[in-house]
Amino acid sequence: MQTKYTPETIESEIQTIWNTKQSFKAVVDPSKEKFYCLAMFPYPSGRLHIGHVRNYTIGDVIARYQRMKGKNVLQPMGWDAFGLPAENAAMKNNVPPAKWTRENIAYMRKQLKRLGLGYDWERELATCDVDYYRWEQWLFIQLYKKGLIYKKTSPVNWDPVDQTVLANEQVIDGRGWRSGALVERREIPQWFLKITAYAEELLQGLDKLDAWPDAVRTMQRKWIGRSEGVEIKFQVGDNDLTVFTTRPDTLMGATYVAIAAEHPLAKQAATNNPQIADFIKRCNQTSTAQADLETMEKLGMDIGLKALHPITGEKLPVWIANFVLMSYGAGAVMSVPAHDQRDFEFAQKYDLPIKQVIIDEQEAEKLEAAFVEKGILINSEQFNDLSSQDAFIAIAKYLEEQDKGQRKVNFRLHDWGISRQRYWGCPIPMIECPDCGTVPATDLPVVLPENLKSGLKQNPTFSQVNCPQCGKEAQRETDTFDTFMESSWYYARYACPDYDKGMLDDSVHYWLPVDQYIGGIEHAILHLLYARFFHRLMRDEGLVKGDEPFTRLLTQGMVLKDNEKMSKSKGNTVDPQDLIEKYGADTVRLFIMFAAPPEQSLEWSDSAVEGSFRFLKRLWKQVLTHLENQAPTLVLDKLNDTERALRRKVHETIAKVSDDLGRRYTFNTAIAAIMELLNNLHRAKDSPQTHAIRQEALEAVTLMLSPIVPHISQILWQELGHTGLILDASWPQVDKNALICDELKMVVQVNGKLRGHITVPANAEKQVIETAALNESNVQRFITNKTIKKVIVVPKKLVNVVVK
């Protein structure tokens, strides 16, 4: 064994062996229990950051542990390769996005391999590969034929400089995140997926995901937002204006109706009124983000129309309001200022009536703010004195009998707009024909030209086609898919990445669902919800079985430096490549796993990285020193008390680390327990049997550390006398006999404060324990001349003497 720990040579050597032996190649084996471990695949931005390293190291540790426990492990890797950043980089560097993306993939693949991550690289996929996205196009057409996909105009955030739609997250203070231009609200044709058809199932399915963080499930429940209410008709002229409310008990307090700027009534009113037309134009210069609507100044304009109250017949003014969106409900809301704070502020601003119809079992008083709680009805004619709960039922019944409303379940969730007016994405496989209308493409795959630097609309070779039905000249759809489409089913394609006769083959029935999924909490809603939705779409297409894609979810925390999230803009990033070259991959992996529990934020520390490196050097030296003398055979019945205690510590550590890695995922406490054991071994007085125990312990330590630091563990495993790969070795087993303890050390308290320790036989009766506690020398100082009220014995842990 070489005397110096040299990670640069060790890690290269071990990785070459893994590659040669195809150590991580996953093969379907029905005779073995499978374990599918997956970390969310990265966007190929160019270089890995520490957040990537943390995410993928966590996954690799779990996968290696499960393999040592006898599972047939699948751990793949790929690339979420489409998206706007590639287009922006292409514009900046004057290269096609495809070239930029594939060069980044090649570089980042090398970085991942250098970390020693145990991926089956034969299953690698990139979502920009036509062999991948062709099946997404195929599924789109199947869903279109089922009526689960449709096209309609929809309000979007439009950047007039970049000439593109922006996601709500890309609108900052009303301006485009890249161009800085004032964002406009426009209506353009968009493709939608009917996720609302699965809203109830997606909501109910959350109850079964008991191995997901509660926070994620709560966020999804709120996002889906199931609510029971009443759909109410307000008559405006000869037409009905429909609104939905969860508070029909407040209906008698409605004093005006607010509509969206895009509502047909608003457009009609603007035809001959320049002031209204100008106000609508100003409304269209605001973001469609719900968060922005809640914080911006509430503005409105009376358009001169009246809506008849469905019960009283009172004429209520109809206002355009900038906080109402056409995409929410029917683009109209009934406004009850006395019982909704937003409506209250709006009514005060424009001097509209405020009519209180709910009280909290007290007399009505002048309102300083909206009373939003439920209570007892007043000023509500025949519904007076009813509770809000009873009034809900009574008013709903009345409206249904009068054909002026109906009870309805509504969802906050809206259908998924999947169109993007961008080039670098999967083409939507539809064709617009002047005679036949919208028809699906039949020449799948619709291949994205990869040599372009600008959009598809400017490329007639792509956009001009013949209609597959009538043969006449037609136009391809030039929008591309939202990139969440690609990331919603990639986990399933890993089971059969080379299958060319369909979207998926039967191997998915062996590998799915993913047993452990790992990624950031920021993906709690969109990606994870869309993936759950897509799984159900594939299920109903007969492609997969089961309802859920991911059995267990781990959301790792952020990496911080100086109490701030690492980012290029803050100038506080750390390049993992530099760390690997200086300390080796094992040191980086060890630091990442030791610094904090995975679900918590990790505070970066240069000194802690150095400390991890020192630990590995000490471990190397400890094994080197141990091997200077050959270990004798361990003879259990010849161990003295000290030796038995040392061996007990070994197996207590195995038990703890097994639980920490296998169930609790508290990797930091597992590493701490191993470090404590190594300290005990170092301090142990030498004897032939101590040397034998040390051999057993170092073998166990090497096995337990191998998922975390696999390179050094492989070398130490060999030096300790073993052949073959440590990753194929079995996880160490706890010897339950070694855990048997003849004596116990117990804490002694007086009035709840620590005053001493006692050692008693493990099977000692309560009276024996009490006597030992009361006779302990330091305890005697605190109980002499005092009255002992009682002695509390907590078995195997502590004694508390209560005195007066």
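Is Lys 4 buried or exposed? I looked up the accessibility of Lys 4 before anything else. Lys 4 counts as exposed because its relative accessibility is 61%. The cut-offs I used are under 20% relative accessible area for buried, over 50% for exposed and partly exposed in between, with a 1.4 Å probe and protein chains only.

I noted the ground rules next. The model is predicted, so local features need pLDDT of at least 70, side-chain atom pairs count only at pLDDT 80 or more, and totals for chains, interfaces and linings use all residues. Residues are numbered from 1 along each chain as its sequence is written, and side-chain values use heavy atoms, with hydrogens and water left out.

**Positive patch**

I placed Lys 4 in the segment before α1 (7-21). Helices here are DSSP runs of H or I with at least four residues, strands are runs of E with at least two, and both are numbered from the N terminus. Lys 4 forms a positive surface patch with Arg 614, Lys 617 and Arg 618. Patch residues have over 30% relative accessible area and no salt bridge; like charges are joined within 9 Å, and nonpolar side chains (Val, Leu, Ile, Met, Phe, Trp, Tyr) within 5 Å. A salt bridge needs a side-chain nitrogen of Lys or Arg within 4 Å of a carboxyl oxygen of Asp or Glu. The charge sits at NZ of Lys or CZ of Arg.

**Cis peptide bonds**

I checked two prolines. The bond from Leu 444 to Pro 445 is cis, with omega near 0°. I found Pro 445 in the loop between β22 (437-440) and α13 (460-463). The bond from Leu 512 to Pro 513 is cis as well, with omega near 0°. Pro 513 lies in the loop between α16 (508-511) and β26 (514-520).

**Positive phi**

I then looked at Asp 403. Its phi is positive, about 55°, although Asp 403 is not a glycine. Asp 403 sits in the loop between α12 (388-401) and β18 (405-411). With a relative accessible area of 58%, Asp 403 is exposed.

Where is Lys 796 found? I located Lys 796 in the loop between β33 (788-794) and β34 (798-803). The two strands run antiparallel and are joined by six bridges; pairing requires that DSSP finds at least two. I saw Val 794 opposite Leu 798 in β34. The hairpin has three residues between its strands, and Lys 796 takes a positive phi near 70° there. Lys 796 is exposed, with a relative accessible area of 62%.

Technical notes:
Areas by Shrake-Rupley, 256 points an atom, 1.4 Å probe, with all protein chains shown as cover. Lys, Arg positive; Asp, Glu negative; His and termini not counted.
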